[in-house]
Amino acid sequence: MQPGTHFAFGTHDTHGFVASYTSSLPAHIAHWYLEREQFEPVPGEPGLYRLSEPERDGRRRTRQAVDDLRLLGYTVQADMRVDPAVSASPPRPVRPNGLQERRRLAQAAAGRTTQLRATPPTTSAPAARPIPPKPTYAPTVHLTASGGRRSR
């Protein structure tokens, strides 16, 4: 094991997925972390822990424990089968959640349309009677023989 290693993970013929800790880490802290990662002490094997219920997606849970402890800053040595940095798990199937379709509809609604839109109806009240334009000429005044005025 490399110097400075805190935890070691691997597989065991009898106990399945196992973990242990090194002397660079206090035993009570290692025990606390391994129990939180669902590992239990193996009776009669001091310092050895086995994954509880390994048949319930054991490989993925062990990889997760390795990854969690590394994220916390601990140095972890792991077999290739359980090391997430070396052997990636197969991609999970993507379930459609409708997000892409909703995003596409929202972008379409926000964009400009190529359809012609009808002119909205006017809401102002029409005038009672249109006012004719003022004439540009002056009316011609004619005088009649009797002296009266007549206009055209």
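This briefing walks through the strands, helices and salt bridges of the structure above.

The model is predicted, so local features are described only at pLDDT of at least 70 and side-chain atom pairs count only at pLDDT 80 or more, while totals for chains, interfaces and linings use all residues. Residues are numbered from 1 along each chain as its sequence is written, and side-chain values use heavy atoms, with hydrogens and water left out.

**The overall plan**

- The protein has three helices and seven strands. Both kinds of element are DSSP runs numbered from the N terminus: helices are H or I runs of at least four residues, and strands are E runs of at least two.
- Reading along the sequence gives the pattern β-β-α-β-β-α-β-α-β-β.
- Of the 152 residues in the protein, 23% are buried. Here "buried" means under 20% relative accessible area, "exposed" means over 50%, and "partly exposed" lies in between, using a 1.4 Å probe and protein chains only.
- Among contacts between residues at least 6 apart in sequence, 40% join residues at least 24 apart. A contact means heavy atoms within 4.5 Å.

**The five-stranded sheet**

- Five strands form an open sheet with mixed pairing, in the order β3-β4-β2-β1-β5. Two strands pair if DSSP finds at least two bridges between them.
- β3 and β5 are the edge strands, as each pairs on one side only.
- Ignoring direction, neighbouring strands of this sheet are turned by 30° against each other on average. For such angles, axes are lines fitted to C-alpha atoms (for helices, over the stretch in contact), and the angles run from 0 to 180 degrees between N-to-C directions.
- A handy background point is that side chains in a regular strand alternate between the two faces of the sheet.

**Strand β4 and its two partners**

- On one side, β4 (residues 48-51) pairs with β2 (residues 16-21) in the antiparallel sense, over three bridges. Within this pairing, Ala19 stands opposite Tyr49 of β4.
- β4 also runs antiparallel to β3 (residues 39-41), and three bridges join them. Phe39 has Leu51 in β4 as its bridge partner, and Glu40 has Arg50.
- β3 and β4 make a hairpin with six residues between them, and Gly44 in the turn has a positive phi of about 80°.

**Helix α1**

- In α1 (residues 27-36), the buried residues are Ala30, Tyr33 and Leu34. They lie on the same side of α1 because they cover an arc of only 95° around the axis. That arc is taken from the directions from the helix axis to the C-beta atoms.
- The cover over the buried residues of α1 includes β1 (7-12), β2, β3, β4 and α2 (58-71).
- Gln38 follows α1 and has a positive phi, near 70°.

**Helix α2**

- α2 has 14 residues and reaches 20 Å from its first C-alpha to its last, close to the 20 Å expected at 1.5 Å a residue. The expected span is 1.5 Å times one less than the number of residues.
- The buried residues of α2 are Gly58, Arg61, Thr62, Arg63, Ala65, Val66 and Leu69.
- Among the elements covering the buried residues of α2 are β1, β2, α1, β3, β4 and β5 (76-78).

**Salt bridges**

- A salt bridge is a side-chain nitrogen of Lys or Arg within 4 Å of a carboxyl oxygen of Asp or Glu. By this rule, the count comes to three.
- Glu40 forms a salt bridge with Arg50, with the closest N and O atoms 3.1 Å apart. This pair links distant parts of the chain, with Glu40 in β3 and Arg50 in β4, ten residues apart. Glu40 counts as partly exposed at 33% relative accessibility, and Arg50 does too at 26%.
- Glu53 and Arg56 meet through their side chains in a salt bridge (3.2 Å, N to O). Glu53 is partly exposed at 44% relative accessibility, and Arg56 is partly exposed at 42%.
- Asp57 and Arg60 also meet in a side-chain salt bridge (2.6 Å, N to O). Asp57 is partly exposed at 42% relative accessibility, and Arg60 is partly exposed at 34%.
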